[in-house]
Amino acid sequence: MGKRRDYENFPISLALFDAVPVILFSIAMIIIAVNYNNWIFITGAALCTFAGLGKVIWKIIIAATKKDIVILNRQLRFVMPLGFLCIIAGLITGMDKAGWVLLWRNITTFPQIILFIITFAGMVMMGVFAKKLDPAKTKSNWIEQITNAVAQGCLLIGVLLCL
């Protein structure tokens, strides 16, 4: 088990803003799930959403009570990758060649391609931030969450434009 960190006084505004990317991602996943009924995909989207909600709840508790319920934070590193693996597996197992052609056409047209590139870049940056930034620092959390909100906002807009 890892050591507990001394988290800075996270403001409640940071904790609440942490919900923005989770909400944006969840809306995008609901839209896709309604149009692409695949239980593996839906399971993955739910896992990712619940992992994000766990992290939001953790930050709210830290901000409001200064108590660190470690499992709410640490679960993210296990549940989120499992969720994304299910999303990918759902796409692979649930689409035929025509579906892939249509998906490729939708995501590679303008402006969707720009939005999805920003989404991908934001997710890569989140990985870099996980290694380089101090998660106990408020400034690091703001950088991560603003980046994540922009990425998830671009994902949602891209999904909406693909409809």
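One term before we start. A crossing is called left-handed when the near helix is turned anticlockwise from the far one by less than a right angle. By that rule, α7 passes α8 in a left-handed crossing. Keep in mind that this is a predicted model.

Let's stay with that pair. Helix α7 covers residues 112–132, and helix α8 covers residues 138–162. Their axes come within 8 Å and cross at roughly 155°. Angles over 145 degrees count as roughly antiparallel, so α7 is roughly antiparallel to α8. What classes of residue make up the contact of α7 with α8? There are 17 nonpolar residues, seven polar and one charged.

Is Ile-118 buried, exposed or partly exposed? Its relative accessibility is 34%, so Ile-118 counts as partly exposed. Leaving aside residues up to four places away in sequence, Ile-118 touches Val-150, Ala-151 and Cys-154. For scale, take Gly-52, which is 66 residues from Ile-118 along the chain. The C-alpha atoms of those two are separated by 20 Å.

Next, α2 against α8. These axes also come within 8 Å, and here they cross at roughly 20°. That is under the 35 degree limit, so α2 and α8 are roughly parallel to each other. Their crossing is left-handed. From α2, the contact includes Leu-24, Phe-25, Ala-28 and Met-29. From α8, it includes Gln-152, Leu-155, Leu-156 and Val-159. By class, the contact of α2 with α8 has 14 nonpolar residues, four polar and no charged.

Now α2 against α3. Their axes are 10 Å apart, and the packing angle is about 170°. The two helices are therefore roughly antiparallel to each other. α2 passes α3 in a left-handed crossing. On the α2 side we have, among them, Val-22, Phe-25, Ser-26 and Met-29. On the α3 side, the partners include Phe-41, Ala-45, Cys-48 and Gly-52. That contact of α2 with α3 counts twelve nonpolar residues, three polar and no charged.

On to the core. How many residues are in the largest nonpolar core? It has 17. The members that touch the most other members are Phe-25, Ala-28, Met-29, Phe-41, Ile-87, Leu-155 and Val-159. The largest share, six residues, comes from α2.

Look at Ile-87. Not counting residues up to four places away in sequence, Ile-87 touches Phe-25, Met-29, Ile-40, Phe-41, Gly-44, Ala-45 and Cys-48. There is also a second, separate core of six residues, with Leu-14, Ala-15, Trp-58 and Ala-63 among them.

Last, the backbone. Most residues other than glycine have a negative phi, and most peptide bonds are trans. We have an exception to each. Where is the cis peptide bond? It joins Phe-110 and Pro-111, with omega about 5°. Pro-111 lies in the loop between α6 (97–107) and α7. The other exception is Lys-66, a residue other than glycine with a positive phi, near 65°. Lys-66 lies in the loop between α3 and α4 (70–74).

That's the tour.

Conventions:
Residues numbered from 1 in each chain as written. Predicted model: local features only at pLDDT ≥ 70, side-chain atom pairs only at ≥ 80, totals over all residues. Heavy atoms only, no water. Axes fitted to C-alpha atoms, helices over the stretch in contact; angles between N-to-C directions. Helix = DSSP H or I, 4+ residues; strand = E, 2+ residues; numbered from the N terminus. Parallel < 35°, antiparallel > 145°, perpendicular 65-115°, else oblique. Nonpolar A, V, L, I, M, F, W, Y, C, P; charged D, E, K, R; others polar. Buried < 20%, exposed > 50% of the residue type's maximum accessible area, 1.4 Å probe, protein only. Contact = heavy atoms within 4.5 Å. Core = buried A, V, L, I, M, F, W, Y, C linked by side-chain atoms within 4.5 Å.
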